[in-house]
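Subject: Structure for your review

Dear colleague,

Please find the structure below. My notes on it follow.

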Amino acid sequence: MNVVVSSLNAKYIHTCLALRYLKAYCRNEFEIAMAEYTIKDPPLHIVTDLIRRDPDVIGFSCYIWNIEETIRVVGMLKKIKPELKIVLGGPEVSYDTDYWMDRVPEADFIVMGEGEETFLHLLRELAGEGKFHFVFGLAYRNAKGEVCINPARPKMNLDDIPSPHRFPEDVPALPNRVVYFETSRGCPFSCQFCLSSIEVGVRYFDLERTKADLLYLIESGARLIKFVDRTFNIKRDYALDIFRFLIDNHNGCVFQFEITADIMRPEVLDFLAEHAPPGIFRFEVGVQSTNERTNELVQRRQNFAKLARTVTKVKESGKIAQHLDLIAGLPEEDYDSFRKTFNDVFALGPEELQLGFLKMLRGTGLRRDADKYGYVYMDHAPYEILGNAMMPFSDLMRIKRVEDVLEKYWNAHRMDRTVRYLIGKRFPSAFDFFQQFGDYWEERGWQKIGHQLEDLFVRLRAFLADRGTPNLDEIEALMKLDYFLNHNYKPRKIWWEPTLDKPRQASFLKLLADEPERVSPDFAARGLTEKELHKHAVVETVPFDWALYEREDVLVRGAGSLLVVVYEPDGTGASHYAMPLASNQAESLTAK
């Protein structure tokens, strides 16, 4: 029996952990091939490749991001090869299973919930007597074509599941793909918008096996491992042991964890601050809302004050990047309340702030209570809300505009200095900046077109000019440095009219080579020649004392400064410096 397990990933760099579990669990009895695609691949190309494999059984792992594309593929497969047995599994089809059996008549079976043992039992019956009514956790069609749904299967002993990380065919791609890894299953919390709340209790894989798998992946070339545990730090000693192990063995690999920040123990934070190498750990923190009534209604236990202390302490350590999540559209959170939530969380200074929109996932308590809060939402995946009693569609669309510019101007880190200055000095709050800019962006139709790096700077300047922002030249100075530092090598073009013509630039570069101590001891220590500066440096004048601004966050206009950016010849980045200018310095240099 030729068996294939398949999934359509959101991106090429992603991998499907579920396929590897199925293959590992069944491998002693059935040889299983894995076939991964993306949701961007043309369905006909996917079907062509799968038919070429001549399978007898194909199992698809289904999620909200791929279910609609998977259904199209399944429909074509069944038309081409009617005798093919098609199995669906995964979180998207594990709930409302009768609906899926009705909607996808091409599906012969649905594996509900934890799938390893159920899938193996199903394969045994397909290869044998076909007694599908004995397979716990299975939905199937009987001889009359009627849908039958068997009782759920008890939770497995995780130690009975072989490692999903030891397949030789995965090794060549490890440096270029995201490896998903779990040390546990289940979640201790009951958030009513999340599927994880349905599974009671947390089960752990054996710690020594977990370490052995991690070491194998690291030594085989993995560069990014994302832990999919719902709350990685729920068990302090276990988490600390894994952190310590990864610090000792990371070999440059990066590890991302979902943590619950308000329960992170101080001794764990102290350990990470002291021992973690910079850049190898990333934390994802689901804040979702700071509205206490909202959190109460969705049964989300969260102490924001403790969460803020954890996020702040991690940030101050300078070791770990943090990704904080928000959800717009939760119960009792209107536009003004969400504005406060956004500003509360942005004030913590996360490296990334993901603004998501509530999805009414099948099986969740919030979906069952949708009428109670006046929710309307998409009929098909991803089931995103279209409004509720507190948040009409018009407000959701306004917040969508915030999300658009947030991704481009904060999460992408193209102009951090500029955005921080604007939020701190020129707008009432972070949310107001992103909202006003997002409104301006959409009014001009920019959401429909692509953007080069230069375009993003030009469009921000146009927005600031249009609203009559005073002293725009000061903001432009920050934008210029941000632009320069977006390059690893000296840029060939700029988006503004230069303040210095070529003779004046040459005069300044000569001065920098002849009298580098006028800039700073660090700059002088580099010993750069005039030729090296011409090749690897850029200069621009700015209308304020740059050194004072960076030192004290005070912007004082005057003769200004010469901004100097020096690029490393090997393309590893750039350093910036500033030299104070006398009021007549530019003119005297021009006369030389």
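In which loop does Pro382 lie? Pro382 is found in the loop between strand E16 (376-377) and strand E17 (385-387); helices (H or I, at least four residues) and strands (E, at least two) are DSSP runs, numbered from the N terminus. The peptide bond that joins Ala381 and Pro382 is cis, with omega about 15°.

Please note that this is a predicted model, in which local features need pLDDT of at least 70 and side-chain atom pairs count only at pLDDT 80 or more, while totals for chains, interfaces and linings use all residues. Residues are numbered from 1 along each chain as its sequence is written, and side-chain values use heavy atoms, with hydrogens and water left out.

Backbone. Most residues other than glycine have a negative phi, and most peptide bonds are trans. Asn251 has a positive phi, near 50°, and belongs to the loop between helix H7 (236-249) and strand E12 (254-259). Its relative accessibility of 56% makes Asn251 exposed, where buried means under 20% relative accessible area, exposed over 50% and partly exposed in between (1.4 Å probe, protein chains only). Gln299, not a glycine either, has a positive phi of about 55°. Gln299 lies in the loop between helix H9 (292-297) and helix H10 (304-317) and is partly exposed, at 44%.

The sheet. Seven strands form an open sheet with mixed pairing, in the order E2-E1-E3-E4-E5-E6-E7; two strands pair if DSSP finds at least two bridges between them. The edge strands, each pairing on one side only, are E2 and strand E7 (147-149). From one strand to the next the twist averages 20°. Strand E1 (residues 3-9) is largely enclosed by the rest of the structure, because seven of its seven residues are buried. Val3, Val5, Ser7 and Asn9 point one way from E1, while Val4, Ser6 and Leu8 point the other way. E1 pairs in the parallel sense with strand E2 (residues 32-38) over seven bridges, and Val3 has Ile32 as its bridge partner there. E1 also pairs in the parallel sense with strand E3 (residues 57-61), over four bridges, with Ser6 opposite Phe60. Strand E6 (residues 138-141) and E7 are antiparallel, over three bridges, and Tyr140 stands opposite Cys148 in E7.

Helix packing. Helix H13 (residues 393-411) packs with helix H15 (residues 430-443) at an angle of about 100°, their axes 8 Å apart; axes are lines fitted to C-alpha atoms, for helices over the stretch in contact, and angles run from 0 to 180 degrees between N-to-C directions. H13 is therefore roughly perpendicular to H15, a term that covers 65 to 115 degrees. The residues of this contact (heavy atoms within 4.5 Å) comprise 10 nonpolar, two polar and six charged. Here Ala, Val, Leu, Ile, Met, Phe, Trp, Tyr, Cys and Pro count as nonpolar, Asp, Glu, Lys and Arg as charged, and the others, Gly among them, as polar. Among those in H13 are Arg398, Tyr409 and Trp410, and H15 contributes residues including Phe431 and Trp441.

Cysteines. With a disulfide defined as a pair of cysteine sulfur atoms within 2.5 Å, the count is zero. For Cys16, the nearest cysteine sulfur is that of Cys62, 9.7 Å away; Cys16 is buried, at 3%. The sulfur of Cys194 is 6.3 Å from that of Cys187, the closest, which is too far for a bond. Cys194 is partly exposed, at 26% relative accessibility.

Kind regards

Note on methods: Parallel < 35°, antiparallel > 145°, perpendicular 65-115°, else oblique.
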